[in-house]
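Me: I would like to go through the terms used for this structure and ask what each one rests on.

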Amino acid sequence: MEKRKLVLIGNGMAGVRTIEEILKLAPQTFHITIFGNEPHPNYNRIQLSTVLQGDTTVDQIVLNNWDWYKNNGIELYTDEEIVQIDTENKQVHSNKNRVVEYDDLIIATGSSSFILPLPGADKQGVVGFRDIKDCDMMIKTSKHYKKAVVIGGGLLGLEAARGLLNLGMKVDVVHLTPYLMERQLDQTAAEMLKNELEAQGMNFLLEKETVEIVGEERVTGLRFKDGQEIEADLVVMAVGIKPNVQLAKDSNIYVNRGIVVNDFMETNIPNVYAVGECAEHREITYGMVAPLYEQGKVLAEKMTGREPKPYEGSTVGTQLKVSNVDLYSAGEINDDPSTKSIKVHNEFEGIYKKILIRNNQIVGIVLYGDTKDSTRLFRMLTEKEDISGKTSSSILESNTCGSESVGVESMPDSELVCGCNGVTKGTIVESIKTQGLTTVEEVGSCTNAGRSCGRCKSLVSDILAYTLGDGYDASAKKTSICGCTTLSKDEVVDEIKAKGLMSVKEVMNVLEWKNEEGCSKCRPALNYYLGMIYPEEYREERDSRLVNEKMHANIQKDGTYSVVPRMYGGVTTAKDLKTIAEVADKYNVPLVKLTGGQRIALMGVKKEDLIHVWSDLDMPSGYAYGKTLRTVKTCVGSQFCRFGTQDSMSLGIKLEKKFERLDTPHKFKMGVSGCPRNCAESGIKDIGIVGIDGAWEIYVAGNGGTDLRAGDLLCTVKTEEEIMDMVGAYVQYYRESGNYLERTSTWVERVGLEHVKEVLKDKKTRHELNERLEKTLTRYVEPWKEALDNKEIQDKYYVTHSVQ
Ligand SMILES: Cc1cc2nc3c(=O)[nH]c(=O)nc-3n(C[C@H](O)[C@H](O)[C@H](O)COP(=O)(O)OP(=O)(O)OC[C@H]3O[C@@H](n4cnc5c(N)ncnc54)[C@H](O)[C@@H]3O)c2cc1C
Ligand SMILES: NC(=O)c1ccc[n+]([C@@H]2O[C@H](COP(=O)([O-])OP(=O)(O)OC[C@H]3O[C@@H](n4cnc5c(N)ncnc54)[C@H](O)[C@@H]3O)[C@@H](O)[C@H]2O)c1
Ligand code: SF4
Ligand code: FES
């Protein structure tokens, strides 16, 4: 069958996404021709802000490279503009006199920056912010001039202003209304934003109407309606956009503000469609990618003969891509007599949350300073969830207690993870499982999540970790420690040492992290490396830890926690058992479980009971949640067993007491058996010790979990002192050379058993390793004792905040 001729005008984000969708559904149906008047392949326009801010390069923001067009048999004409559409003869004409016929035509010409029609607006040094050319112009200007003025304190203006500051310019932002981003924020949030941006170096001129751009050939300043004048070497207009519709209008296609389309993106002319910012649907033109991609999906289904659900319009959530600014807004912004609101304004921590409610449904969200609940609230808003039975605090906060990594375990499958691309948690989990995906990049290629503004990448990483469990090795596929940097673990550690970097934030700033806040992969990793490098000086950054470690409790499937007190060597007493039983009774603990590590777990403890449970138990934490020593499993050994030649219990207890709480790259487990019958399963432990006649064998790198592996014999020693010396040196060497989240089994396979033996054979090296280990061990305190004595910790992690 002959292919239908499909022409796309506009090689931008919405148009090319539509083509991708068409190719997924029916790769053989169309012969595709694309015209784009920019000289580039399709790139991520959203990331121009990060290019200007210096966090990425133009090459890195290409979405579909030249090969993609070739491989899909697409005829691409870049730097070539369509100047006429002949709808009678079904042809398009380009400015290079090319004429191409079509059966189907998609118009996706996007928008242009709205340039205020002011006297002087055509002077040199006046620019919009829309494409690579504008971005290049600003970067070049910053090399010769110092004073920039941005007109417009909206999303685009503020992102541009941040970029210009990064380029070393002095920046004034001129805004028409009394507060910034008035379309997305209320006054309180806008003022918090202004304070933060002023602290970053921006200067704001509010309620100022520009009437003239002054200068000769080149701009030298601005004049306002009130007569004030300010200097400017560069003026960036960021006062909104206007859809590119002239071409359609000249071709008798019905145009209002945008090209008018129905619910299937059809214009008034048969076989002519429009998507993206140039399209007007139910009197709305959109300026964010999420709705445009939804439109593209419907159009692709329509054009390939499916029966799509009609596109009925979108609710959009916005965020600002400026470092240190965490804001989110969706739906309605301002209260009115028909709405009720929940507001929390924590001035101390710089957090503001406002939820607008009408008829028991959320209709508006404004969050500043803490946006971790934005996806959940957005789902409630879009699904029009009935919230009548809920309390204000349960609406405002999920049960993750201050975790910036959001409790992915408690997210429902229907929750949107990637707002730009409309990808839910369920879709991501399913793709990871069915397609065998193991990296954020692979999830992006498969589901599109993370391919636009990139904000959701850390959440995607959390979902990978949650879905793959211990099988998720963030460092396996890439050498860089995460997507926030191109540096490998070794490079980061070297830089920390060479430059004397002392905090997670400092590492990210000095080593120029792409995402200045880092992500859930690098934050805990950096916290670990810093603690390992500076055993005495480093001040633990608890909020950088993974959620279970931060809470010192393991969150369960249903949002409750498990409590596992330490039982050294698996040995307990009648008194301790009684205490545990009383606590289980008192707090209605639904399940008491004997664990595989020879201790007792209280399962199903409510967050608000945690502190009381630990207080009543008065026992050390078993760290059943930590990247640290979990348990030392022991057999009864020579104290009771008639086969036992060695006292495994007392050695196990000594080892557990020595290494408990120590931070390690991943969890590690030990076993001590009193004879080669090996009842403590020492052969599948990270460190397994087996008594033989008159000596002990030390096995390493065993694993009884996902990657079943029998331990290798490291050495045979005679005394307990030798065991402590060897095991201490081994653990410290693993701490220093292991990658964060690398189990000992993988580490030994990577570095080689012979290498480890070689290192540990030297007495002096062992001594030095043990010295560094001892320094580290002195810094740990019992976490629940600390929490019980510290009201600040209790309030921050274990008490739900009150609502105004
Ligand atoms: C700096 C910046 C930051 C942004 N940040 C975000 C964000 O964080 N989140 C978000 O959701 N959105 C953001 N946006 C908006 C987002 O980039 C747009 O919504 C999206 O690019 C629109 O896609 P489109 O395909 O409709 O238009 P475009 O991407 O503009 O593509 C249209 C293309 O058509 C070309 N064209 C026009 N007329 C013709 C013609 N006659 N012949 C040939 N080619 C033609 C244009 O040159 C252009 O290349 C941002 C935009 C900018 C500029
Ligand atoms: N993070 C993001 O999501 C993001 C980032 C950049 C751009 N964008 C999109 O790009 C498009 C353009 O963004 P934008 O910020 O230009 O549009 P906008 O319409 O959101 O904001 C323009 C701002 O300029 C102000 N303004 C208008 N006339 C003015 C004047 N004469 N003087 C001073 N201020 C004036 C308005 O009050 C308004 O706040 C939008 O569709 C936006 O959604 C989104
Ligand atoms: S390993 Fe040996 S000493 Fe320990 S319980 Fe088993 S038989 Fe007894
Ligand atoms: S939220 Fe923007 S790419 Fe996922």
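**Cores, sheet and helices**

Reply: In this predicted model, the largest nonpolar core has 48 residues, of which I19, I85, V92, L105, I107 and I259 touch the most other members.

Me: Why are β29 and β31 called paired strands?

Reply: Pairing requires at least two bridges, and three join β29 (residues 561–563) to β31 (residues 600–605), so the two count as paired, in the antiparallel sense. At Y561, the bridge partner in β31 is V605.

Me: What is the strand order of the open sheet, and why do β28 and β30 stand at its edges?

Reply: The four strands follow the order β28-β29-β31-β30, with antiparallel pairing. β28 (554–555) and β30 (591–594) each have a single partner strand, so one side of each lacks a neighbour in the sheet.

Me: Which helices pack on or lie across these strands?

Reply: Helix α18 (residues 574–586) packs on the sheet and touches β30 and β31, its direction making about 10° with that of β31. Helix α19 (residues 610–617) lies across β29 and β31, at about 5° to β29.

Me: How many of the chain's residues count as buried?

Reply: Of 804 residues, 55% do; the cut-off is under 20% relative accessible area.

Note on methods
Residues are numbered from 1 along each chain as its sequence is written. Chains are lettered from A and ligands numbered from 1 in the order in which they are written. This is a predicted model: local features need pLDDT of at least 70, side-chain atom pairs count only at pLDDT 80 or more; totals for chains, interfaces and linings use all residues. Side-chain values use heavy atoms; hydrogens and water are left out. Contact means heavy atoms within 4.5 Å. Axes are lines fitted to C-alpha atoms, for helices over the stretch in contact, and angles run from 0 to 180 degrees between N-to-C directions. A nonpolar core is a set of buried Ala, Val, Leu, Ile, Met, Phe, Trp, Tyr and Cys residues joined through side-chain atoms within 4.5 Å. Buried means under 20% relative accessible area, exposed over 50%, partly exposed in between (1.4 Å probe, protein chains only).
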